[in-house]
Amino acid sequence: MSTASKKYDEGRLMQVLVAPIVSEKATMVADKTNAVTFKVLQDATKPEIKAAVELMFKVQVKGVSVANIKGKTKRFGRSVGRRDNIRKAYVTLQPGQELNFSGETA
């Protein structure tokens, strides 16, 4: 196991990754660059995300890019609501590494 996972509390790492993002854009990125997209906690750092992915999925991570997405304002009748802000992490895997979400649910 890499040294990255030893620096952080394991309980915290289990909470860092909120959910995988499965969309058309995420799938295209995955095909092109061998990167997986996750929704992560707002205060998650890049080393933390790397350690969490390596711990949970037993793969080697090459790099992590993050993007903060502002929530859209949506109207429902007269009331105006707002979607939550999300932090997206693009986790690039080392060549030859693979993460498969579909195999676990099918």
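Student: Leaving aside neighbours within four places in sequence, which residues is Val40 in contact with?

Tutor: Contact means heavy atoms within 4.5 Å. By that rule, and with those neighbours left out, Val40 touches Val16, Leu17, Val18, Ile49, Arg87 and Ala89.

Student: What should I know about the model and its numbering?

Tutor: This is a predicted model, in which local features need pLDDT of at least 70 and side-chain atom pairs count only at pLDDT 80 or more, while totals for chains, interfaces and linings use all residues. Residues are numbered from 1 along each chain as its sequence is written, and side-chain values use heavy atoms, with hydrogens and water left out.

Student: Which strands does β2 pair with?

Tutor: Strands (E, at least two residues) and helices (H or I, at least four) are DSSP runs, numbered from the N terminus. Two strands pair if DSSP finds at least two bridges between them. Here β2 pairs in the antiparallel sense with β1 (residues 17-20) over three bridges, and in the antiparallel sense with β6 over six bridges. Phe38 in β2 is the bridge partner of Pro20, and Arg87 in β6 is that of Val40.

Student: How do I read Thr33?

Tutor: Thr33 lies in helix α2 (residues 24-33). Its relative accessibility is 44%, so Thr33 counts as partly exposed. The side chain of Thr33 reaches the backbone oxygen of Val29 at 2.8 Å. After α2 comes Asn34, with a positive phi near 55 degrees.

Student: What is a nonpolar core, and how many residues has the largest one?

Tutor: In soluble globular proteins, nonpolar side chains tend to be buried together. A nonpolar core is a set of buried Ala, Val, Leu, Ile, Met, Phe, Trp, Tyr and Cys residues joined through side-chain atoms within 4.5 Å. The largest one here has 19 residues, and those with the most contacts inside it include Leu17, Phe38 and Val40. Among the elements that give two or more residues to this core are β2 (35-40) and α3 (46-57). α3 gives the most, with five residues.

Student: What covers the buried residues of α3?

Tutor: The cover includes α1, β1, β2, β3 and β6. Among the buried residues of α3 are Ile49 and Val53.

Definitions and conventions
Buried means under 20% relative accessible area, exposed over 50%, partly exposed in between (1.4 Å probe, protein chains only). A polar contact is a pair of N or O atoms within 3.5 Å; within protein, one must be able to donate a hydrogen and the other to accept it, and residues adjacent in sequence count only if both atoms are side-chain atoms.
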